[in-house]
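Subject: Structure for you to look at

Hello,

I am passing on the structure we talked about, with its sequence. Please open it first; my notes on what I found follow below.

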Amino acid sequence: MTTNDNPFMGYSGRIATQDGVYSQSEVGLANRNSGILLETLALDVTPTGLHYLLTHFDVPLIDPGQYRLDFSGGFNAPFELDLDEIKSLPQVTLPVTLECAGNGRSGVSPRSHSMPWAYEAVGTSEWTGTPLKPLIERAVPNADAVEIAFLGADYGFDKGVGHCFGRSLTMTQIADLDVMLVYAMNGQPLLPQHGAPLRLIVPGWYGMASVKWLDRIEALREPFDGFQQVRTYRFREHDGDPGRPVTTMRVKSLMVPPGVPDWGTRKRYLEPGPVTLLGRAWSGGGVPIAKVEVELDGEWRQARLEPQISRYAWSKWTCDWSASPGKHVLRCRATDADGHIQPLDPPWDVSGFANNAAQKVTVFVGEP
Ligand SMILES: Nc1nc2c(c(=O)[nH]1)N[C@H]1C(S)=C(S)[C@@H](COP(=O)(O)O)O[C@H]1N2
Ligand SMILES: [Mo]
């Protein structure tokens, strides 16, 4: 084997992609990672088996009886907890909408070689666990600690760098966010693919912050330099650009495609007459949605908004339409309480992160 054939040595740059055409390795990624079915946007809480899934390496299968969470490096009062000890701590349940930072990537041109999401890497679950902050306080970070690192049990390679999936948060971020250690999802023990037996949930942030299979927490004197913090999840203008970190979710909305689909093309057919369009809208950092508009027959109309089930959960919206025969392109766009509005065209960065451009759904009204 030459060095070039060895994916674990060196890195020869990104694999070229072609708009609209997916390579075998992208289809391979899409077969491991899965998105929600857009029809489930009708539900407040995404059924567990239908929540989207994004796993970089292999799912580590952890025996809950052997599991320990280790508060180790950089703490003055380090300790470990087993699963029963974690479950006996104060319990909270919080509905949180999670979205993958790569959601929308396939709409960005040129597309980077990664998981080719369209719209479906988002879901809402009722997460049960215990607040993180009191445990960090109990472990007493060194006086000069600037960040806390969260390390998962899954190990693999990216761009020639072997590492466990890991992320960090600053002390301020931990203080401001309702970060949780989670062992149950929708009232059931976490499933292996969602991080069993324990994961982090960082409400309001893109999904990469919510480390699955969490087994080590460390206090750091220098900002975390782990691969998933500094080499990816950055908005970069070009390949060598250190970029700006991807953090909270951008304002976004989606609709349940109305009518019935064609099996192969997913084109939609709809009978003429009144129809109620519905969907969800969300933003990051606990900022509520102020407005959702739907573009119908060339006019942006304001949708009705329903209250959120929690500060970190998406909002339901509905909008009435009288469908006339012909081909229609429907779009929806949300504005959050900070005045951020979804763009109509995808924002660009090298990795295709955080594409929150308005969703387009084409429908044919008439007799199929
Ligand atoms: N240990 C670990 N944690 C991880 C990941 C991973 O690959 N390994 N993927 C992250 C990403 S990119 C996302 S979007 C979410 C997805 O969580 P889910 O698969 O439960 O929906 O988990 C995050 N936590
Ligand atoms: Mo993600």
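An N or O atom in the side chain of arginine 199 lies 2.7 Å from an oxygen atom of ligand 1. Please keep in mind that this is a predicted model.

**Ligand 1**

Two further contacts involve the protein backbone. At histidine 56, a backbone N or O atom is 2.8 Å from an oxygen atom of the ligand. At serine 210, a polar backbone atom is 3.0 Å from a nitrogen atom of ligand 1. How much of the ligand's accessible area does the protein cover? Ligand 1 has 530 Å² of accessible area on its own, and the protein covers 100% of it. The space that the ligand takes up is the largest cavity.

There are 18 residues around ligand 1, and those that come nearest are Tyr52, Asp154, His194, Arg199 and Lys212. By type, the shell divides into nine nonpolar, six polar and three charged residues.

**The six-stranded sheet**

One open sheet has six strands in the order S14-S15-S22-S21-S17-S18, with mixed pairing. Its edges are strand S14 (260–261) and strand S18 (299–302); each has a single partner strand, so one side of each is left without a neighbour in the sheet. S18 runs antiparallel to strand S17 (residues 289–296), and four bridges join the two. Within this pair, glutamate 293 has glutamine 302 in S18 as its bridge partner.

**The four-stranded sheet**

Another open sheet has four strands, in the order S13-S16-S20-S19, and its pairing is antiparallel. Which strands stand at the edges? They are strand S13 (252–255) and strand S19 (304–305); because each has a single partner strand, one side of each is left without a neighbour in the sheet.

Going across this sheet, the pairs are as follows:

- S13 and strand S16 (residues 273–282) are antiparallel and share four bridges; the bridge partner of methionine 255 is glycine 279 in S16.
- S16 and strand S20 (residues 315–323) run antiparallel and are joined by nine bridges; leucine 277 has cysteine 319 in S20 as its bridge partner.
- S19 and S20 are also antiparallel, with two bridges; tryptophan 317 in S20 stands opposite leucine 305.

Regards

Methods. Residues are numbered from 1 along each chain as its sequence is written. Chains are lettered from A and ligands numbered from 1 in the order in which they are written. This is a predicted model: local features need pLDDT of at least 70, side-chain atom pairs count only at pLDDT 80 or more; totals for chains, interfaces and linings use all residues. Side-chain values use heavy atoms; hydrogens and water are left out. A residue is near a molecule or strand if one of its heavy atoms lies within 4 Å of it. A polar contact is a pair of N or O atoms within 3.5 Å; within protein, one must be able to donate a hydrogen and the other to accept it, and residues adjacent in sequence count only if both atoms are side-chain atoms. Accessible areas come from the Shrake-Rupley method with a 1.4 Å probe; for residues, only the protein chains shown count as cover. On a 1 Å grid over the protein atoms alone, a cavity is a set of points where a 1.4 Å probe fits but cannot get out, and a pocket is an open set with protein on both sides within 12 Å along at least five of seven lines; lining residues have an atom within 4 Å of a point. A molecule sits in a cavity or pocket if more than half of its atoms lie within 2 Å of its grid points. Ala, Val, Leu, Ile, Met, Phe, Trp, Tyr, Cys and Pro count as nonpolar, Asp, Glu, Lys and Arg as charged, and the others, Gly among them, as polar. Two strands pair if DSSP finds at least two bridges between them.
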